[in-house]
Amino acid sequence: MLRKRLLTVLPFILLAGGVWLLPLDWLAAAPQTRQVTLTASQFAFDPPILHVNRGDRVILTLQAADVVHGLYLDGYDLQARVEPGLPRQLEFIADRSGKFRYRCSVSCGSLHPFMIGELVVTPNDTFIRLAGLALITAAGVLTYLRRCAPGAAYG
Amino acid sequence: MAETRRDALVRWPWLRRTLTSRLWSAAAALITLAGFVLAILAGLWGTPAGARNFGIVFVWIVWWAALIIGLVPLFGRLWCAICPIPAPGEWLQRRGIVQQLPERRLGLGRRWPRRLRNIWLQNASFLLVALFSMLILTRPAVTGWLLLGFLVVSLALSLVFEGRAFCRYLCPVGGFIGVFSLLAPLELRVKERGVCQQHSPKDCLTGTNCSYGCPWGVYPGTLQRNMHCGLCAECLRSCPQDNITINLRLPAADLWVAGERRLDEAYKVFIMLGCALLYSVVLLGPWGWLKQLANLETWGGWAIYAAGFLAVNLLVVPGLFWLTSAGARRLAGFPLPTRRLFIDYAYGLVPLGLAAWIAFSLSLVLVNATYALPVLSDPFGWGWDLLGTAGVHWQPLATGWLPGLQAAVLLAGLAFSILAVYRIARQHAPRASTDQAWRASLPLTAYLTGFVLLLMGVYLG
């Protein structure tokens, strides 16, 4: 029974490994330099979502529209503070693909903890792979139940 | 069945000694009550900056994370045993904190109305709190008034009704703790049912000279699920037959108890799923206009938000699940009404519901945990530095790992939920046919996978 269970699960583990290692570089666009102005105001960023390609050189002009704000970019550990009328320029290479949240890092009022924007670095292979893993998990569990559940009629 | 359970009180005699004394729960409740009162005081008189206020940081980040990521999955309703909200009312009812004073109960001691003996009120109170969550999570004063309100209502109900009426029928937190405690690898149960059947009177319900009757109104002799057992251990103290114990068991054992599935609890599951999704979109999403609607900046805007919030929780999530259950019924050829399947399969969503809340809470706690250090030194935000940590700056933790962590939790919840719906489906199949159960699981798996992909889209997409 244990052998049968392992043989049932193994293809899905291999498939999951394949999805995780699958090269997705062919989805990537050529890197370029992007100049973006990001305006922070209570309690949102404009634009709320930034799309860049992996490898892009991003020159970010951060400005505050009302009070002092900050920026912390998840995954990149990029941090800055900006005062109204004094824009800051930040530069980084978007070398990690996926979705990364940027947050206000200076307490700016009641909704400050939820002042969040999103940087999406495409191809978003993390999401593609994990969504694939979800489908493989579902298919794997169903197959396991079909073949190996106690009293299974098949296999 | 028996081989999947281990008697924790036999394995750890110190646990028995601890639980048979009321001292531990009273001491723990006094400690949590001190923290609770501090949260109220800080909320009402401390700084309005939430990130610097003990009321916000310790209630909605520290306590919440400890509850949803640790206490509930591992220990079920253990929090209810040490919760500060019902403690003052219970002590008043008993006219004592530790010492037993029989025949001197305070209050009217009325029974809770029969028509309200369900968790519909808890569903409503949770939704009410959830609708105002943007205000509650960000305004210390609102949190302060809310906590004070819980305390006052609980106290008032203790003086009118017997036992812990607030906890069992009204507490917005108690409802979902109850549902998620079905998954816990821990349970309080009787050792032998026959002993209870033959023994009269029922000391566990009525109390004795050295113990109180179950404040939750639960009869351990027929107890099969953690849903309403607050783990207060009064029955352990009162049982003259030494027939009560605490078992370690496989997680989720209560999900297979077929006879006690109910629509009100099924709706609690849908509400928890819907709220996990909506909170992730509204609170963690990039859409400022949505946060403004939730923030009650205009009544009209909030009304639109509230209508959408309620529609998702009460119509969309359960409505789609009804269609899924109907599909499962058709595919499997079950002769049962769709309503029955709709209720039963909802319990299969519980693992994914907990996973969704853990995924959401991970984001909340890892990003904001470092606020706890300065707040410990300066709970009111008045410029104190009691422990020398007031100057610690905010630093999000492990944000690079966070999406992967959330995805892993969701995948585990997905696998667990598919196994659960299949096992429930086997209870519907004549002679527990695996083929019919498997076919019923197909649309249910599609529903579960769709929900996971939706949440992954919010966190990672």
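This briefing describes the aromatic rings of the structure and the charged groups placed over them. The model is predicted. Over all chains, the count comes to 34 aromatic pairs. One of them joins Trp60(B) and Trp63(B) in an edge-to-face arrangement, with 6.4 Å centre to centre and 70° between the planes.

**The pair Trp60(B) and Trp63(B)**
- Helix α4 of chain B, residues 54-75, holds both Trp60(B) and Trp63(B).
- The two residues are three residues apart, about one turn of the helix.
- Trp60(B) has a relative accessible area of 14% and is therefore buried, the limit being under 20%.
- Trp63(B), at 19%, also counts as buried because its relative accessible area is under 20%.

**The pair Phe150(B) and Phe166(B)**
- Phe150(B) and Phe166(B) form a tilted aromatic pair, with 6.3 Å centre to centre and 50° between the planes.
- This pair links distant parts of the chain, with its two members 16 residues apart.
- Phe150(B) belongs to helix α9 (residues 140-160) of chain B, and Phe166(B) to helix α10 (residues 165-170) of chain B.
- Phe150(B) and Phe166(B) are both buried.

**Aromatic cluster in chain B**
- Trp60(B) and Trp63(B) are also members of one aromatic cluster.
- Other residues of this cluster include Trp64(B), Trp79(B), Phe126(B), Phe176(B), Phe180(B) and Tyr279(B).
- Tyr305(B), Phe309(B), Trp357(B) and Phe360(B) are likewise among its members.

**Charged groups over rings**
- Arg146(A) lies over the face of Trp438(B), at 4.2 Å from the ring centre.
- In chain B, the ring of Tyr347(B) has the charged end of Arg261(B) over it, 6.0 Å from the ring's centre.

Terms used:
Residues are numbered from 1 along each chain as its sequence is written. Chains are lettered from A and ligands numbered from 1 in the order in which they are written. This is a predicted model: local features need pLDDT of at least 70, side-chain atom pairs count only at pLDDT 80 or more; totals for chains, interfaces and linings use all residues. Side-chain values use heavy atoms; hydrogens and water are left out. Rings of Phe, Tyr and Trp (its six-membered ring) pair if their centres lie within 6.5 Å; planes under 30 degrees apart count as stacked, over 60 as edge-to-face and the rest as tilted. Helices (H or I, at least four residues) and strands (E, at least two) are DSSP runs, numbered from the N terminus. Buried means under 20% relative accessible area, exposed over 50%, partly exposed in between (1.4 Å probe, protein chains only). A charge sits over a ring if NZ of Lys or CZ of Arg is within 6 Å of the ring centre and within 35 degrees of the ring normal.
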